[in-house]
Structures are given as C-alpha cells and as structure tokens.
Amino acid sequence: MFNKDSGLLQGTLELLVLKTLSWGPMHGYGVAKWIESATGDVLRIEEGSLYPALYRMTRRGWIKGTWGVSDNNRRAKYYHLTAEGKRQFQEQTSGWQRFAAAVTQAIGTVTAPGWAS
Amino acid sequence: MRNPFVHPDSKLPFESAPQAEVGDELQFHLEQRIRDYVREGMDPATARATALERFGDVSDVQRECTQLLTEDRRALARRDWLADLRQDLRFGLRSATHAKVFTLLAVVTLALGIGANAAVFGVVKSVLLDALPYREPDRLVRVFARFRDGSSENGALSAGAAKDVGDRQHSFSNFAVFQHDAMDGVFKGEGGAHIVRIAWVQPAFFATLGVEPALGRTFHEEDARSDTSLTAILTHAAWQGIFGGDPKVVGSTIRINGISRLVVGVLPRDFVEPMGDADVYLTMSLPALLSDPVSARGSHYLTLVGRLKPGVTAKSARQDVDAISNSLSREYPRDDGPFALTTTPLRDVMVGDTRTPLLVLMASASLVLLITCANLAGALLSRAISRRKEFAVRVALGAGSGRLARQLLTESTVLALAGGIAGILLALVGLSVLRKVALSALPSYAHLALDTGTLVYTMVLALCTGLAFGIIPALTVGRANMQSVLRDETRGTSESRRSRRLRGALVAGQIALCLSLLAGAGLLARSLWAMTSAPLGFNPEGVLAVDVQPPMGSSMPEAMSRYYALLEDRLRAVPGVTAIASASQLPSAYMNANGMVIEGATPPPMDQQSFITYVSVSDDYFRTLGIPLRSGRTFGPEDRPGAPSSIVISAAMERRYWPHGGALGTRIRLGPDANAPWKVIVGVVGDVRNDPARMEPQPITYASRRQEPSGTVTFVFRSQGNPLALAKPIQRAASEYDADLASHNVTTMRALLSNGIAGRRLPVVLMTSFGALALLLASVGVYAMFAAMGAAREREFGVRVALGSSRQRIAGLVLRQGATWMAFGLAGGIVGVLAVGSLLRNLLYGVTPLDPVTMAATALMLLACASIALLGPVRRATQVDPIDVLR
C-alpha cells in the first residue's frame, strides 16, 4: 500500500523507519520485517520503496548506514539514528499523533452540520 | 537485535563503488526474505519468485538508490576537501603565529623580492612591451643619417636626401618627412607671448602613424600647398594648457610667429610624439625647402617615418635604403658622402638608450627574487627539520605523507600569497618613487603604473615561489623514516648530510648572486662618481640659464645683433647679476655640428669628413662660465659684422688637428656651403665636457654672436647667491625691454647637468638598492644557516665539551663548516661578476669591468656582513652547556 508517489504515505514510511531505528541499529530487511509485524501485517510495505527512502533519509542526515555483520554471519548495512534523526522522530511522532487524533475526532462526530437535512 | 560489531562512528577502511554497495544491500534483503520463506515451508523456487515479486522492480530500485548514494558521496567528498583545507589553513595560520620571527621574515623577504620584481616589471613592460599608440606600430621604421666619422648614429637627413629616399624607395606603403627636432616658436594669445614647441611635418605624417584626431581632422595634402590657408593641429596637452580645453578652438585662428593659422584638429591624449614634446603641428613643404641650392643638400634637420608595405621586412627595407644611400653618395659625394642612411624600427628609436639599463634592472630584480627563494627554501627546510618530530607523530597517528605534503604546500602558499600582497603594496610605493626618480630618464610614452599584466605576473610569481619552496620540505617529509626519527629522541642527532648540503648550496648560491649584484652596483656607482667628479671644464655653480625667443621671424643679422646687445645691457643691470652672456646652445649631450675644411690641408676622403660641435656665443661667454683662455684671444668688439669671421676653438680640437701647434691664424671653413668665406682661428680655450655622461671632451668651435647670430638664444647669468633668486627680476626686466619677448626654461646650470646624467643615475640608484636588499637577504641566509647548523649539532657539541674540547675548537668547527660554503659562494660570485661586468660594459665610464677597488670593496662588504650575521649563532654554539644537552 505504500507508493513512491504518495507524499502523505511517503512521510508515514519515514516515520515508521525512524520508529524502527529508535530501538537500535538495524538493516533494511529488519526494518521491513519489524514494520510488518508491528502493524500486525496491516501495512505490508512494498519493499522496493523502502530502500530509496532509506537513502534519502541518509542524505538528509537523519540516519547513517554502516556495514556490519548480521546474525547469520552475512555482511549487512546497519542503519542508526543520528542526533538529527532522533529530533525528527520526536517531532514527527507528535505531529502524527495530532493529525491522527484530529482525523479520528472528525470521523467520530455524530452531530450533523446545519446544511445536512 | 544484537549487533556487537558495529560501532556508530566506525568507517570501512575502503569505500566501495556506490553500485556495488547498493547491490550488496538489496542482495542481502532478498536472501533474507527467501530464507524466511523456506523456513516457513516454501520450496526454494517458489520462495525466490515470491520474494522477487514482493520486492518490486529490483533494477529500478537499484538505479534510484545508486544515484542517491553517488550524489551523497560527492557532497561528502566536497565537504571533506573543504574541511581539510580549512584545517590546513587553520593549522598553517596557527603555526605561523607560533613561529612569529620565521613568518615575519618570510613575508617581508618575499614582499621585498616580489615587490622589486613587480615594480621593475611595471617599468619594463611599459617601456619595452606595451604597444606604442600607433596603428600596427611594429610596421613603422625611421630613416636616419649615420655620420661615417662616428659622431652621430641617428643623425638628421638633408631635404634633398629625404626627397630622394621618398622618391626611390620600394619598401613603404606611405611615409612622411618631418623635422628631426621640435623648434621653439612664439604664440601670441590674450595673456601675452608664450613659447610653444613647433613640430613641422609633411601632411601624410598622421596618416602614416595611423593616428586619429580627438577633435577635427588631421592634415590633408592641400594643407601644404602655398595657395591654401595655413593650418595647425594642437596636441592634447597644448589644447588643455593654452586653450583650456575649449572645443571651439577648432576652426578658430591663432597667431604663431606672427602668422595666422587655422586650427583644424586636436590630437588624442595618448598621442606620443616621435620628436619629443611639441605643442603645435604645422605642415611643411619639401619643394620649398629644396629651393635653396646650398641648404637643400647641405643642412641636415629632417627625418622620415615610413610604414612598411605588407610583406616587406625591416631588414629588406634597410637594404632598400642602403642601396639608395650608396647611390646618393656617388651622385653627391660632397654632400652625401659623409653619411650613410639607415632604417631603425620606431620602437628601438623610442626605447633608445634605456634598453640596456632596463634589462640590467630586470636582471637585478630577478637575482633578488632568486636570493629570496633560496633564502625561503633554506628557512622552510630548517623549519621542516625542526618539525620532524611533529610530523613523525602525526604520521604515527595516521596522517598520510601525501596529507602532510599537502599541509606544507598550503602553508607555504599562504606565506607566498601574504608576501605577494605585501609585495604589491611595496611595488606601488616603489613605482611612486620611481616616477619621481626615473621619468626623465625613460621614453616619453612610459607611464609607470601597476597594471593588470603586472599584477598577474606578480601573483603567478608569488604562487610559483610558494610552490617551489614548499616542495623541498614536502619531499623531505615524504622520505623521512618516521620510526628512526621518533627513536632519535634518545640519541644525539645531527641533521642529515643531505639537507645540510642542500642548505649550504642555497647559502652559497645566495652569496654568489649577492656578490654579482653588489659588484654591478659598485661598478655603476664608480662610473657615476667618475662622471660627476671629473672636471667639466667650466664652473656651473651660481649660474642661471634662461631661453629667450625674440618676436621677429628672421631679421637681418645686424638687427638681431643689436637687439640682443641692448637686451644684454638691460639684463646686466638686474641687481645680483655679476656676469651675463648668451649662446646659441648651452653645453649638452646633443649639440649642433658643422662639417669643417682646413685651409691648405689635404681634405680627408668624403666618408671621413669631420663634424665639429658649433656654438655661437657672446663676448663674455667664456668669462661667465669660467672657461679659461689657453692662447690667443676671445671675442671682442672688433668681431663686428662685415669684419673677417673669427673662430675660437677648444683645446681638444687643437690637439686633434694641430698636435704640433700652429692653430692660431689658420683659416677654416664651416658648414655645407663650399663658397662660404674662410674664418680665422683667433683663440684656443679650455675643454668643456658638454655631455656630462661622457668622459672625453669633444672638439668645439665657437663663433661670435655678432657675426653669426642665432634665432633662439640662451642667456646665462652668474650670481653670488642662489641663482634661482634672479629668475623673477630677469623675466620682469626682459618683458619691460620687449613685451613680446618670450622667455622660458628658467633653470640652474646644476639642474641642467643633473638632467643630463639622469639616465645614468637611475640604474645606479636602483641597482644599489637591489644590492643592499640582496646583502640584507644574504646576511639573513648566512645567519639562518649557522643558526640551524649550530642547533642541529648542539648535542654533539655538548658531548665534545664534556669530553674536554675547548670553546675555540667548537667555534672553529662551526666556522669551518660554514666557511666552506661561503667560499663556494665567493667562487661562484666570480663567475657572476664576470657576467655582470660584460653586461654592464656599455654603461661603464672611467672604470674597467673588473675594477679591483670595486671588487675588493664588494667582497669585503659581503664578508663583513656575513661575519656579523654568523657571530650570534657561533657564540651560541660555543656556549652549549653539556649538562643541559645530555640530560
């Protein structure tokens, strides 16, 4: 359901990546897996769009990739949050929460407006 | 998820290509996914297909990521490079402020070297390299008459010869004849009479040079015709100075020498006159000049400028004119026999005598720059050696040797740039000084300013110097064995033989260069001294000179003579004047000359005919200037017009033509007219060195002003006090005598003489300053060498002292090591002195190129300065405390 062209959901993907990495350094596959399991498989990300997002975030200085060794002794690129990344994570989290609360409130309203007859 | 191997700040030892890195990452992702599917129970083939499908377009993603990573890497590299540069600069500035003396020395040394070069290059460029303000100036040549007796190289042509050259030549697309020198004339305006300098030219003159007027037009051929109205063209300076820059002056009528002329044009500001400073250009007509049968071929006052036809070289034009000259000598042996016509490129004529001094200056400045570079290379070498430990530590901590070399180059470039900027400031100061000292000695078109070309030259010089002397320490850093350097801490260490040799050679080179420069400066100074101290043959002290121009055109000799006699009486009465006289010309480098025939003597072959300087003087001339009478008499009232013409000759003339005496009473004939009356030699007077820049006095003939009046006259006044105090009263008395009489060029005889040798003084002053500069720099170099030598061997000396060596032996050790290099330098200097001597040969007077006094004084001065420079370091070496050093 994630699409490269969708600005809103693009931002959402980035927020989820930041959240994932707030637990600690992780490689791209691990990030994808965590998002799937954390969203209860509701958000199955199209993996092709994850990697460009990772590189863009690297460029913005939110995350940084370093080569390490995975559990099964395979060379893998691990991403971690930079100081700027941590700041972005907090900012975007609260922004998302305000947004989600506003949308929730709007769609939960039972009082009809005046023009609805 | 545990990840024990990744430290947040660790970097890979190498960075792989972006495409491979992205591929690697995506590959890992897919592998992991397939593994997970297989673990869930899928068969490998299905797992693979599902994983790929789930991922999407792999190559598309890989392309996008690769591009992002590449851009990222590039930005990073730029940031790194800038950060490195910032670091280098910060480090360089910090180490520069730490080593204050070194930095100050380096910048000042560089500033002096570069400043001297920029200033001298500014002069050389404006004189030798800048284009003359004519169209295609390199295609212009001038035609001169070379006197076969050697008395003049760039002599004037007769009207007949000028016409024949014009008629017969095949080399010029156009040409114009003009008067060799500008002449004085009187311009009468509202404010009274002015003297103006008049240049007489053929109408084609400006077209040949390719000069466009600033206002109006230049001359047309009709302007020279007698039946059209007379015209004039003003120079820009005269237009501004006399007419206040009024554009309405074009089309108005002005009166020059009593004749009305229509102003048709104004020349551009940057126009440079080939015949010196003129104010007004008038047209002359060659046919009119040819009408007098005697002066047509016998009087020489013209010259010719021509533009080479396309494809004609200066050399073939010279051959063309040579051939014409030879046939003229055959056709008119009496008039044209004594001359050979030659062509000279216009630029060479205008550069004139200044070429050699300028090249000498350029060479001197280059030598100073070489010394500067050697000095700085030595200083940086010392600094690199004293910083060896610092470098070793940095290498041990992971700095690459390339990185260190880059750091050193940055440091020296910063120094060089600082020196370059300081040098430009110095050059500005230098040029403003030069403008005062040198302008009179340089061609009139030279304007001394620091232009872009000079700035570029200087900055390139600064950068090259920086790189050149930055490379030596950088190379040493690259080669040094860091481990042994670090270990050296515990052992006695001396600097390597290699760098000691390099430093010694640098100092030897400086001494050699310095010796050459000083010797050159000494030779020139001795020449100038010989020139100014040798007796002139007359007493210039307390003498004032004033040029006057009578208002009438060409009056009868009797009337002119009476006019001047009355004027002289009037001026003699001015309080403070103790003696007064007049002459057609004062002693100077360029004087009129006449051909001479001695009665009864076999005339010499035509090509060896003599030309003798000729002056017409008043009775009191010899007394006023203090020229002694050797025999016979000087002029008196008996030499009236109509009486047999009397001639007084100089002692040099008597020596040349009457070595056994008998000159008195001999009759001679002067001038081109074969039928002119004979003149009798009535007296012999002392020699006068009319050109103060020449040691040998020239033969001179004097005629009486009563019998041979001249148009323009210079009055000389002797006074008891400051002669300039007479200037105002004399001018007032002159205008009371005749309001239309114009007087100008009021100056002291001393100033005239000083101007006469200005061209000689310039190279002396400059080369002496360069010599002093070189001496200072070389002394600093010697000091630095001994200081570094002493510092490097401090430990060794400590050991020697501890083992019982005396202070004297230590001093001997240091001196022997340094003296060897100084001896090499002196030996190399001898070669340089020989080169300088031969380069300067043409500028030397009264001294030989290997003048022993100069050489001894130079070597002694250099040794004295070097000795002073090495005193401190040697003293310090002998005072090494063994306990301090060995602890």
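Is helix α24(B) mostly covered or mostly exposed, and how many of its 35 residues are buried? Keep that in mind while we get set up.

**Before you click.** This is a predicted model: local features need pLDDT of at least 70, side-chain atom pairs count only at pLDDT 80 or more, and totals for chains, interfaces and linings use all residues. Residues are numbered from 1 along each chain as its sequence is written, while chains are lettered from A and ligands numbered from 1 in the order in which they are written.

**Stop 1: chain B, residues 758–792.** From first C-alpha to last, α24(B) reaches 50 Å, close to the 51 Å expected at 1.5 Å a residue (the expected span is 1.5 Å times one less than the number of residues). Here's the answer: α24(B) is mostly covered, with 25 of its 35 residues buried. Buried says that 20 or more other C-beta atoms lie within 10 Å of a residue's own; exposed is 12 or fewer, partly exposed is in between, and C-beta atoms are placed from the backbone.

Stop 2: Zoom out and you'll find 28 helices and 23 strands in chain B. Of its 887 residues, 40% count as buried.

**Stop 3: where B meets A.** Now show both chains: 24 residues of chain B are in contact with 26 residues of chain A (contact needs C-beta atoms, placed from the backbone, within 7 Å). On the chain B side, α1 (18–39), α2 (44–55) and α3 (58–98) each give two or more residues. The most come from α1(B), with 7 residues.

**Stop 4: the sheet in chain A.** Three strands form an open, antiparallel sheet here, in the order β1-β3-β2. Color β1 and β2 (63–69) of chain A: these are the edge strands, each pairing on one side only (to pair, two strands need at least two DSSP bridges between them). Pick A:Val69 and look across: its bridge partner in β3(A) is A:Arg75.

Color by pLDDT (the predictor's confidence in each residue, from 0 to 100). Chain A has a mean of 83, and 86% of its residues reach 70 or more. Over residues 1–8 of chain A, though, pLDDT stays under 50. Where pLDDT is low, the predicted coordinates should not be read in detail.

Notes
Two residues are in contact if their C-beta atoms, placed from the backbone, lie within 7 Å. Helices (H or I, at least four residues) and strands (E, at least two) are DSSP runs, numbered from the N terminus.
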